[in-house]
Amino acid sequence: MPEIEFTIDTETGKCDTEIKGVQGPVCEKAAMHLKQVLGSPSVDRKTKEYYARPHVRRKIESK
Amino acid sequence: MSKYMTFESQTFANEDLLLEALSELGFPTVDRGNGLVLNGWNSRETRTAEIVIRRTDVKNHRLLGDIGFKKTASGYSVVIDDMDLNYKLGRDWVTRLQTSYHETAAKKMAKKLGGTLIREQVGKTVKIRVRF
């Protein structure tokens, strides 16, 4: 299940967010919503999962 | 994990979140407007802000000056008397506001995405998961 994880350090007020379980454009959409709410982040990086392509198995049926 | 972002919030980018966070901390009444003058400050160094908590509206702390939030290009930055911070509100007041601001942001995201929110605190770290 996709999720956004907020990790807030109550000593510094700093907030790290991770968008998990979604790839590519869907992730970008969630990130856009996040930026609309919180403004521009000081760090913004894509992870390996972002670039992962869904594994599609081709099924060939013979008649 | 597919994307990682860090928000420092020395300035508060979102006005609605800031107002909700202030309310959560017990400051529900603010004045809003352009270049509002902060009372209680030395008249030779008049300060202005766009969001102001009037010291007269803060009953449980006897503040020396109004607290202001000055609009900048990256958001609202706090204008607060050092003495109020050190002796009245506590030196960690801005950090508590930042924490409240980020928690409010998580709630807003859960609402926006139609998701559920799970909150847990381990020591000094608050972890909030928004599942959607």
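**View 1. Overall make-up of the two chains in the predicted model.** Chain B contains three helices and seven strands, and these elements follow one another along the sequence in the pattern β-α-β-β-β-β-α-α-β-β. The C-alpha atoms of chain B occupy a box of roughly 50 × 30 × 25 Å along the principal axes, and 34% of its 132 residues count as buried. Among the contacts in chain B with a separation of 6 or more, 41% come from residues 24 or more positions apart. Chain A has two helices and three strands, arranged from the N terminus on as β-β-α-β-α, and of its 63 residues 22% count as buried.

View 2. B:Leu38, by contrast, has 21 C-beta neighbours inside 10 Å and so counts as buried, for which 20 or more are needed. The C-alpha atom of B:Gly33 is separated by 8.6 Å from that of B:Val52, a residue 19 residues apart from it along the chain. B:Leu38 and B:Ile80 are 42 residues apart in sequence, with 9.6 Å between their C-alpha atoms. Leaving aside residues up to four places away in sequence, B:Leu38 touches B:Arg47, B:Thr48, B:Ala49, B:Val52, B:Gly65, B:Asp66, B:Gly68 and B:Val79.

**View 3. Helix 3 of chain B and the residue that follows it.** Helix 3 (residues 93-113) of chain B has 21 residues and reaches 30 Å from its first C-alpha to its last, which is close to the 30 Å expected at 1.5 Å a residue. The buried residues of this helix include B:Leu97, B:Tyr101, B:Ala105, B:Ala106 and B:Met109, as well as the charged residues B:Glu103 and B:Lys108. Just after the helix, B:Gly114 adopts a positive phi of about 65°.

**View 4. The hairpin of strands 6 and 7 of chain B.** Strand 6 (residues 116-122) and strand 7 (residues 125-131) of chain B pair in the antiparallel sense over seven bridges, with B:Glu120 standing opposite B:Lys127 in strand 7. Two residues lie between the strands of this hairpin, in which B:Gly123 takes a positive phi near 60°. Strand 6 is hardly covered, since the count of buried residues among its seven residues is zero.

**View 5. The contact between chain B and chain A.** In this region, 33 residues of chain B are in contact with 38 residues of chain A. Strand 1 (3-7), helix 3 and strand 7 of chain B are the elements that give two or more residues to the side of chain B that touches chain A, and helix 3 of chain B provides the largest share, eleven residues. By class, that side of chain B has 14 nonpolar, ten polar and nine charged residues. Strand 7 of chain B is also joined by seven bridges to strand 1 (residues 3-9) of chain A, the two running antiparallel, and A:Ile8 stands opposite B:Val126 in strand 7 of chain B.

**View 6. The largest nonpolar core, with residues from chains A and B.** This core has 34 residues, and those with the most contacts inside it are A:Ile4, A:Ala30, B:Phe12, B:Leu18 and B:Tyr101. From chain A, the elements that give two or more residues to the core are strand 1, strand 2 (15-20) and helix 1 (24-38); from chain B, they are helix 1 (15-24), strand 3, strand 4, helix 3 and strand 7. Not counting residues up to four places away in sequence, A:Ala30 touches A:Ile4, A:Ile19 and A:Val22.

Definitions and conventions
Residues numbered from 1 in each chain as written. Chains lettered and ligands numbered in written order. Predicted model: local features only at pLDDT ≥ 70, side-chain atom pairs only at ≥ 80, totals over all residues. Helix = DSSP H or I, 4+ residues; strand = E, 2+ residues; numbered from the N terminus. Expected span 1.5 Å × (residues − 1). Buried ≥ 20, exposed ≤ 12 C-beta atoms within 10 Å, placed from the backbone. Pairing = 2+ DSSP bridges. Contact = placed C-beta atoms within 7 Å. Core = buried A, V, L, I, M, F, W, Y, C linked by C-beta atoms within 7 Å.
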